[in-house]
Amino acid sequence: ILLMAAFMRFYGIHWDEGFPYTPHPDERAILMKTQDMHFPKLDQVGTLFNSDKSPLNPKWFPYGTFPIYVLKITESLASTITEQVIDLRTYGRLLSSLADLGTITGISLLGLQAFGRRAAVLAALLTAFAVLHIQLSHFFAFDTFAAFFATWATLFAYKYAQEGKTSQSVYAAIFVGLGMACKISLLPIIGMLLAAHIYYIIRNPSLTQNLRDKLIITGSYCCLSLFTCLVVFMIAQPYAILDWAKFISDITEQSEMVRRIRDYPYTRQYIDTTPYIYQFIQLGKWGLGWPLTIISVAGLFWLITRKMSFLGGTIMITLAFILPAAILLFNNSSSSIALACLFSIGILIMGFAFYARSDRPTYLIACWVIPYLIITCSFEVKFFRYMLPVLPMLILLGSGMLILQIEKTMGLAQK
C-alpha cells in the first residue's frame with residue numbers, strides 16, 4: 001500500500017515545470033519566505049533572539065514555521081551533498097509527500113489499535129487512494145503536515161488512554177505541539193489530548209479511590225501535557241513568542257478572513273455557500289467520491305452512537321454536534337467558537353459513561369474530529385484543504401464501521 005501511495009504522490013511532482021514560479025499562491029508565498037531566510041554565522045547567533053534582526057524570523061505567520069525550517073535544513077543538507085541547483089519546490093513537495101505517507105502509516109497503526117487488522121489495512125488503502133491526499137501531496141502547503149501530526153498525536157493519545165505510559169503522553173503532546181507549529185487551526189486537538197488523560201485517571205482505580213485525589217492527579221497530568229505542548233511549540237515556532245505582536249496580528253487576520261470579516265477577492269467565491277453541506281458535497285464530488293464520503297461520515301455518527309439506544313444516540317448527536325454547530329451558524333465570533341468547542345468536548349467526555357471499557361479509547365477520535373469539524377465547517381470561507389487534518393480519521397471510522405459490521409454478520413473472528 002505504501003509503495004502504491006508513494007508512486008501516486010511522487011509521480012508528476014513537477015506538474016508546473018516550465019513556470020518560473022509555482023502557480024499555487026500559498027506555496028509560492030511559503031517558498032519565497034523560505035528563500036529569504038538564512039542561518040546566521042557563529043558570531044551572529046545572538047541575533048536569533050532579536051525578532052527584528054534574526055535571519056530566521058519569517059515575520060509572516062498565516063502558516064506555522066516548523067515545515068519552513070525543515071525545508072530550509074533540507075536545502076542546506078542537500079547543498080553539501082551536491083552542487084546541482086535543485087528547485088526548492090522539489091524539496092518541499094517531496095517533504096509533503098513523505099508527510100502524507102507518514103499519515104497513511106499512522107492511520108493504519110491507529111486502525112490496528114481501534115478496530116483490528118482488517119480495518120487498519122482497509123483504512124490505509126482508502127487513504128492511499130484518496131484524491132485530496134494525492135493532490136495536496138503535490139504542493140508544499142502545510143495541510144499534509146497538519147494531518148500527519150494530528151494522526152500520530154491521536155495514535156499516542158489512544159495508546160495512553162489504554163496503557164497510561166508516561167512516554168505515550170509525552171509523544172502525544174510533542175505531536176500536538178509540532179502540529180500547531182504547522183497550522184494553529186489544530187488547536188482543538190488539545191481537547192482530545194486532555195480527554196485521554198481524564199479517561200485514564202478515571203478508569204484506573206489503582207491510582208486512587210478518592211475523588212478529590214483523582215481530580216488533583218488528573219489536573220496535574222493535564223497541566224504537564226499542556227506544558228509539554230507549549231515547550232515543543234515554542235521550540236518549533238519560536239518567533240510566535242519572540243515576535244508576539246506580529247504573530248497575533250497575522251492569526252487575527254486569518255481568523256477574520258475565514259469568517260469574511262475581512263473581504264478579499266479570493267474568498268468571494270464562498271458567498272452564499274451553505275456551511276457543513278458545502279464541505280460534504282465537495283468531499284463527494286472531488287475529495288473522496290460519493291461512496292466513501294457517505295461511508296466515512298456515517299462512520300463518525302456510528303462511532304458516537306454505538307452501544308447506545310436510539311434515544312441516547314439522538315441526544316448525543318444533538319448535544320455534541322448539532323447544538324454547537326447551530327451556535328456558530330448564528331454567531332461565529334471568537335468567543336462563540338471557543339464556547340461551542342468546549343461544550344462539544346465536554347459532552348463527548350461525559351459520553352465515556354455510556355461505553356463499555358474496551359470501547360472508550362476509540363471514542364477519543366470523536367473528541368478530535370467533531371470539534372474540528374464544528375469549527376472549520378462553520379467558516380464563511382471554505383477552502384477544501386481545511387478538511388485534510390481529519391480526513392484520515394473519517395476514512396478510518398468508515399472502514400471500522402464496515403469491517404465490524406461484516407465480521408458481525410459473517411461471524412468472522414477479529415484478527
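## Helix α18

Helix α18 covers residues 391-410, has 20 residues, and reaches 29 Å from its first C-alpha to its last, close to the 28 Å expected at 1.5 Å a residue. That expected span is 1.5 Å times one less than the number of residues in the helix. Helices here are DSSP runs of H or I with at least four residues, strands are runs of E with at least two, and both are numbered from the N terminus. This is a predicted model: local features need pLDDT of at least 70, side-chain atom pairs count only at pLDDT 80 or more, and totals for chains, interfaces and linings use all residues. Residues are numbered from 1 along each chain as its sequence is written, and side-chain values use heavy atoms, with hydrogens and water left out.

Helix α18 is largely enclosed by the rest of the structure, because 14 of its 20 residues are buried. Buried means under 20% relative accessible area, exposed means over 50%, and partly exposed is in between (1.4 Å probe, protein chains only). Just after α18, glycine 411 takes a positive phi of about 70°.

## Overall fold

The chain has 18 helices and 0 strands. Its radius of gyration is 22 Å, close to the 22 Å that the globule rule gives for 415 residues, so the chain is as compact as a globular protein of that length. The radius is taken over C-alpha atoms, and the rule is 2.2 Å times the number of residues to the power 0.38. Along its principal axes, the C-alpha trace spans about 60 × 45 × 45 Å.

Of the 415 residues, 54% count as buried. Contacts (heavy atoms within 4.5 Å) can also be sorted by sequence separation. Among those with a separation of 6 or more, 75% come from residues 24 or more positions apart.

## Aromatic pairs

The whole structure holds 29 aromatic pairs. Rings of Phe, Tyr and Trp (its six-membered ring) pair if their centres lie within 6.5 Å; planes under 30 degrees apart count as stacked, over 60 as edge-to-face and the rest as tilted. One of the pairs joins phenylalanine 115 and tryptophan 302. This pair is tilted, at 5.8 Å centre to centre with 40° between the planes. Phenylalanine 115 lies in the loop between α4 (88-114) and α5 (117-128), and tryptophan 302 in helix α14 (residues 290-305), so the pair ties together parts that are 187 residues apart in sequence. Phenylalanine 115 is buried, with a relative accessible area of 3%. Tryptophan 302 also counts as buried, at 13% relative accessibility.

Tryptophan 244 and phenylalanine 247 form a tilted pair, 5.9 Å centre to centre and 40° between the planes. The two are separated by about one helical turn, because they are 3 residues apart in helix α12 (residues 244-258). Tryptophan 244 is partly exposed at 47% relative accessibility. Phenylalanine 247 is buried at 7%.

## Aromatic cluster and a charge over a ring

One aromatic cluster is formed by Phe66, Phe148, Phe149, Trp152, Phe156, Tyr171 and Phe175.

Elsewhere, the charged end of arginine 385 sits over the ring of phenylalanine 383, 4.8 Å from its centre. A charge sits over a ring if NZ of Lys or CZ of Arg is within 6 Å of the ring centre and within 35 degrees of the ring normal.

## Glutamine 279

Glutamine 279 is found in helix α13 (residues 277-287). Glutamine 279 is buried, with a relative accessible area of 6%. Its side chain reaches the backbone oxygen of cysteine 377 at 3.4 Å.

Leaving aside neighbours within four places in sequence, glutamine 279 is in contact with Thr274, Thr376, Cys377, Lys382, Phe384 and Met387.

## Loop residues

Tyrosine 276 is in the loop between α12 and α13. Its phi is near 70°, a positive value in a residue other than glycine. Tyrosine 276 counts as buried, at 15% relative accessibility.

Lysine 59 is in the loop between α2 and α3. Lysine 59 has a positive phi of about 55°, although it is not a glycine. At 36% relative accessibility, lysine 59 is partly exposed. Lysine 41 lies in the loop between α2 (25-36) and α3 (66-81). Lysine 41 is exposed, with a relative accessible area of 60%. Lysine 41 and methionine 401 are 360 residues apart in sequence and 55 Å apart in space, C-alpha to C-alpha.

Key
Polar contact = N/O pair within 3.5 Å; in protein donor to acceptor, adjacent residues only side chain to side chain.
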